[in-house]
Amino acid sequence: MSNARIPAPLPNLGERVRAELVRSLYLNRSSLYFGFVAQMVAAAVTFWETQDRAFLLFGLIHTIVIVARSLDWEHYLRNGYDPQAATAKAINRLENRYIVGSTASGLSIGVPAAYALFFYPGSAAAIISYGLMASSMISVTGRNYGSSKNVTIVTLCCCGPLMFAALINEVSYLQMAAPLMLAVMISARQMAGNVRKTLEEYVEVRYRLKSMVDQFDAALNNMPGGLVMITAEGRISVINRMAYKILGIPLSFDFEGRRIESLIRYGIRRRKNEWTPVQRDLFNDQIKKLLDGRSRKELVCFQGGIALEFSINHSQKVSGVEGGSVLVFEDVSARIEAQERVNFLAHHDVMTGLANRGHMADLIEKAVKGMGEDERIAFCLYDVDKFKQINDTRGHGVGDKVIVNIANRLQQIDDPRAIVARVGGDEFVLCFHSLCIDEDIGSLFDNAFLSICAPQMIEGKVMHVRCSGGVSIHSPDNFELEEALMKSDIALYESKKRPDVIWTLFSKRMDEEQRALQQTKTDLVRAIQMEQFVAVYQPMYTPDGMRIECCEALARWEHPTKGPINPSVFIEMAEGMKVIGDITRQVLFTACRDCMQWPSHISVSVNLSALDLLNDGIVEQIMQALDETGLPPHRLQVEVTETVLASNTEKVAERLHKIKALGVKTALDDFGTGYSSLQYLNDLPIDKIKIDRTFVRRITEDEKALRMFRAIVNMSDEIGFEIVVEGVEGRDQLAVINRMTRGVHLVQGYIFGLPSPASQIAGMSDKLRMLPVNGVLIDEEALRLETDLPMLEEPACDMRPKETAAFAYDC
């Protein structure tokens, strides 16, 4: 086989043929020397007969010519000549060199013959000279046909002088014979032309055939797969390089006459460490089916991930005989591996290798079809507790490792009835099918979760990761995957509400509660659409109770049938449904409108959630509320919690700066309970700090709590913040606050009453009377709330504020 290089397009064929013909002029040097010997003998004989020294001179001249031509021949052989690469200029130069030499040879033969005929007509010298000339004419036809120009010149040089001598001779019969020389010249030229034409056709056919062979060879050896041509007798006729490579056979291997089966087996034996048929009997049968025509394509798989695809085409003409076959095969290992990878990715989770939701459904469906009527399937949906917190505090890389570790432990469950899958970010499914009715399902899941929730070693640290799950039991005749997911999810939600429980079994009670919850969500959306939310206000007093400076707007929802809905319920629900912004918008506009009805020294405060501050339109909403209600910006305050600041500090800071630029005041609510950081106080445009109730609760009975409270107040005052103390519920707490010489600007809490409608705020401010109690000025009227509110001891229900994950509305 030649190199697998793609052949260049066929060059100028006429020029290549001419190059080959010119090369033929230099092929037979021996005839030149034979002619030289004959010429020397003739010169000696003619001199011996005539004693004319001219013949010796002719012999000397011919000798010089032959020597010169020999040197030229040596030059040609030494420098070489490639007809395929020779340029037209090189061809012309070589032809002209030869013509110069052949012209000199022709003259050295023709002139002595003419001399003998003219001076010695009828003598042996004339006859000998004429004979040499005639033999030269034969050599012109047989050796000089390669150049038509050379044939013409040599013919003239040989015959021209003789014809001229005959014409000027006084012997009449010689004069009459002179024209015969012309016929000889024409005949010799025609004969040389016929030979040249035949050779041209041969050379052209040879070039075309060589080009076809090169192209076939290049195509054969550049195929991506192996190709073997088989005769009708089943013997190998042609094999390409890729077949050698795929089979691991050396190029020196003699394949002639071998059968294809033996070649394949020989290749497999050579690569026995790499290639072992997955099923040897199947492999042998596949090869037989290909060769006897029962199959046209077969995929043969070997251990180690190697796969060869064979295809055969029968009834082909091979080596000129009908009935042969062409076998093509290629290494499709990469393709098969890619297909298997694509198939795996289509059915499995990339990170963990567990079945994905779709593949899980197929596995469960197959398992359910094989279950008996008295068997059960236990379906568990579980997730990782506080997984978002893991990602936020330890990074997503650690979170990914937690997921992978849990998946690995799932895969280690040694139970053939187990089906495991990852169906979400941190959500997994563990399903046991074909369970007996009396099987201890509790032990199954207790053992599984014992392994899943075991401590993990990640990046050199031990992590205690807890999971919560929900389990539902189903019979095979009525199993529906979506129903199983829904019920297990409801049970999972129950587990989340009970820190002491890892997994919970679904019950009808849960279903009823879930339906009620879904109905509440539907009603919440309807309430937002119909703007059924109202605002009540919890005043913020000066510590001495003399003045209401601000009122915090709190959302309330009066359900048409269920009555008042606890704010901690619907606020958290609205956050999860991503509709909290609609409630904020309604409360914002209501609060600004209500504030316009109060005395001008009273401002209003509105809570903003994390979703509100991440909303690009919150600044425009505040501007619109101020414009439509006419409320001066300085009478509006927005409150954010520390948990809000942790969600996206840069974007939150950007929104707060824009709000601050409107002239609206900003307050940091529940200070000290969330992601406390003094950096927030430095970076964010905060006007007020609202100290959380947890720092106030024990200041009358715990010296350490009191010192911490004073430290917070003094630090905030030193920085320049206005300070609001939340959750003041007792007179002794208020007395402690009033005894502080600096810091606290406003007090908010049940000591002054429950949140009130907007219509009562103005009256409450007008009816304040200052009475001394234990040296501290408090508002006795506010305690009794002459506006039809009873004296407060303890609320009939727990109306204290409850903090949600990212938003805090006080009751």
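Colleague: What sits over the ring of Y98?

Modeller: The charged end of R69, 5.0 Å from the ring centre. A charge sits over a ring if NZ of Lys or CZ of Arg is within 6 Å of the ring centre and within 35 degrees of the ring normal.

Colleague: Where do these values come from?

Modeller: This is a predicted model, where local features need pLDDT of at least 70 and side-chain atom pairs count only at pLDDT 80 or more, while totals for chains, interfaces and linings use all residues. Residues are numbered from 1 along each chain as its sequence is written, and side-chain values use heavy atoms, with hydrogens and water left out.

Colleague: How many aromatic pairs are there in the whole structure?

Modeller: The search finds 17. Rings of Phe, Tyr and Trp (its six-membered ring) pair if their centres lie within 6.5 Å; planes under 30 degrees apart are stacked, over 60 edge-to-face, and the rest tilted.

Colleague: What sort of pair do F55 and Y120 make?

Modeller: Their centres are 6.0 Å apart and their planes at 40°, so the pair is tilted. F55 is in helix α3 and Y120 in the loop between α4 and α5, so the pair ties together parts 65 residues apart in sequence. Helices (H or I, at least four residues) and strands (E, at least two) are DSSP runs, numbered from the N terminus.

Colleague: And F55, buried or exposed?

Modeller: F55 is buried, at 3% relative accessibility, whereas Y120 is partly exposed at 23%. Buried means under 20% relative accessible area, exposed over 50%, partly exposed in between (1.4 Å probe, protein chains only).

Colleague: Which residues form the ring cluster?

Modeller: F55, F58, Y115, F118, F119 and Y120, linked by ring pairs.

Colleague: Which backbone oxygen does the side chain of R409 reach at 3.0 Å?

Modeller: That of P455. The backbone oxygen of S451 also lies 3.4 Å from a polar atom of the R409 side chain.

Colleague: Last one. What is the phi of K578?

Modeller: Near 60°, a positive value in a residue other than glycine. Most residues other than glycine have a negative phi. D670 is also not a glycine and has a positive phi of about 55°.

Definitions and conventions: A polar contact is a pair of N or O atoms within 3.5 Å; within protein, one must be able to donate a hydrogen and the other to accept it, and residues adjacent in sequence count only if both atoms are side-chain atoms.
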